[in-house]
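Here is a short note to read alongside the model. Keep the structure open and check each point as you go.

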Amino acid sequence: MMLSYFIHALISVFAVLNPLGILPTFLAITDGKHPVERRRIARKAIVYSFFIVLVFLLLGHLILTLFGITIEAFRVAGGILVFFIAFQLLNAQPSHIQTPHEDESQQKPDITLTPLALPIIAGPGTIATVMALAAGPNIVMHSAAVFVACVIVLAGTYCIFHYASSINRYIGHTGLNVITRLMGFILTIIAVQMAATGLIGLFPGWAH
């Protein structure tokens with residue numbers, strides 16, 4: 001049970017974060033940087049992203065309780081948000097929620113926190129997915145599984161950013177589009193399931 005939920009969490013976090021899909025954005029906003037500087041930016045951005053995700057993972061339930069939001073309602077809202085991100089990925093387009101405007105990225109000398117960590121890496125879709133996955137009757141087990149999944153995905157994202165130029169040359173624009181569409185398809189299924197679970201919780205009669 002724990003292993004299957006961990007695999008589900010790992011696939012969900014990887015699909016919504018989509019490290020290969022945001023690779024072109026990372027290359028664009030670090031254009032002209034020395035490889036050593038680019039790796040430093042990637043390292044800082046991943047550390048910031050880790051703490052952002054960790055805060056919502058640990059305090060997500062408290063935040064929902066504070067605002068009187070049920071987990072079912074959050075799952076429906078999260079599913080809708082993730083679905084729109086997935087729809088854009090299916091068309092091989094960068095999500096507007098995850099990708100900053102060009103002038104926004106140029107206005108800030110330090111891009112590690114914004115826009116790179118937030119909202120590109122730890123964006124609303126990632127935060128919503130993490131909070132929804134961690135919630136439930138067995139919150140400790142679910143949170144532990146999601147935490148490990150996030151660590152693995154963020155570590156993988158750093159490796160991808162570390163070798164960004166080489167990966168971009170090897171895979172090419174077409175390859176990145178194929179991967180982005182595949183992540184979009186997987187994410188669509190996850191979004192529908194997330195919203196459906198929330199709707200059944202809100203309207204139990206629908207399940208019969």
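1. Start with one term. A residue counts as buried under 20% relative accessible area, as exposed over 50%, and as partly exposed in between, using a 1.4 Å probe and protein chains only. Val146 has a relative accessible area of 0%, so Val146 is buried. Ser143 comes out at 18%, so Ser143 is buried too. Of the 208 residues of the chain, 45% count as buried.

2. Know what you are looking at. This is a predicted model, in which local features need pLDDT of at least 70, side-chain atom pairs count only at pLDDT 80 or more, and totals for chains, interfaces and linings use all residues. Residues are numbered from 1 along each chain as its sequence is written, and side-chain values use heavy atoms, with hydrogens and water left out.

3. The overall pattern is simple. The chain has 9 helices and 0 strands. Helices (H or I, at least four residues) and strands (E, at least two) are DSSP runs, numbered from the N terminus. Along the sequence the pattern reads α-α-α-α-α-α-α-α-α.

4. Next, the record. An unreviewed UniProt entry annotates "transmembrane region" at residues 6–29, 45–67, 73–90, 111–133, 139–161 and 182–207. Positions follow the numbering used here, feature names are shortened, and such annotations may be inferred rather than shown by experiment. In the model, residues 45–67 are 96% helix and 0% strand, with end C-alpha atoms 29 Å apart. Residues 111–133 are 87% helix and 0% strand, and their end C-alpha atoms also lie 29 Å apart.

5. Look at Val146 again. Val146 lies in helix 8 (residues 139–162). Which residues does Val146 touch, leaving aside its neighbours within four places in sequence? They are Tyr5, Ala9, Leu57, Val130, Leu133 and Ala134, where contact means heavy atoms within 4.5 Å. Tyr5 is 141 residues away from Val146 in sequence, yet 8.7 Å away in space, C-alpha to C-alpha. Ser143 also lies in helix 8. Across the chain, 82% of contacts between residues at least 6 apart in sequence join residues at least 24 apart.

6. Now helix packing. Two packed helices are described by the angle between their axes and the distance between the axes. Axes are lines fitted to C-alpha atoms, for helices over the stretch in contact, and angles run from 0 to 180 degrees between N-to-C directions. Helix 3 (residues 35–66) and helix 7 (residues 124–134) cross at roughly 55 degrees, and their axes come within 9 Å. Helix 3 and helix 7 are therefore oblique to each other. Angles under 35 degrees count as roughly parallel, over 145 as roughly antiparallel, 65 to 115 as roughly perpendicular and the rest as oblique.

7. Who makes that contact? Ala, Val, Leu, Ile, Met, Phe, Trp, Tyr, Cys and Pro count as nonpolar, Asp, Glu, Lys and Arg as charged, and the others, Gly among them, as polar.

8. A second pair is helix 4 (residues 71–90) and helix 9 (residues 164–202), packed at about 160 degrees with axes 7 Å apart. Helix 4 and helix 9 are therefore roughly antiparallel. Their contact residues divide into 15 nonpolar, 8 polar and 3 charged.
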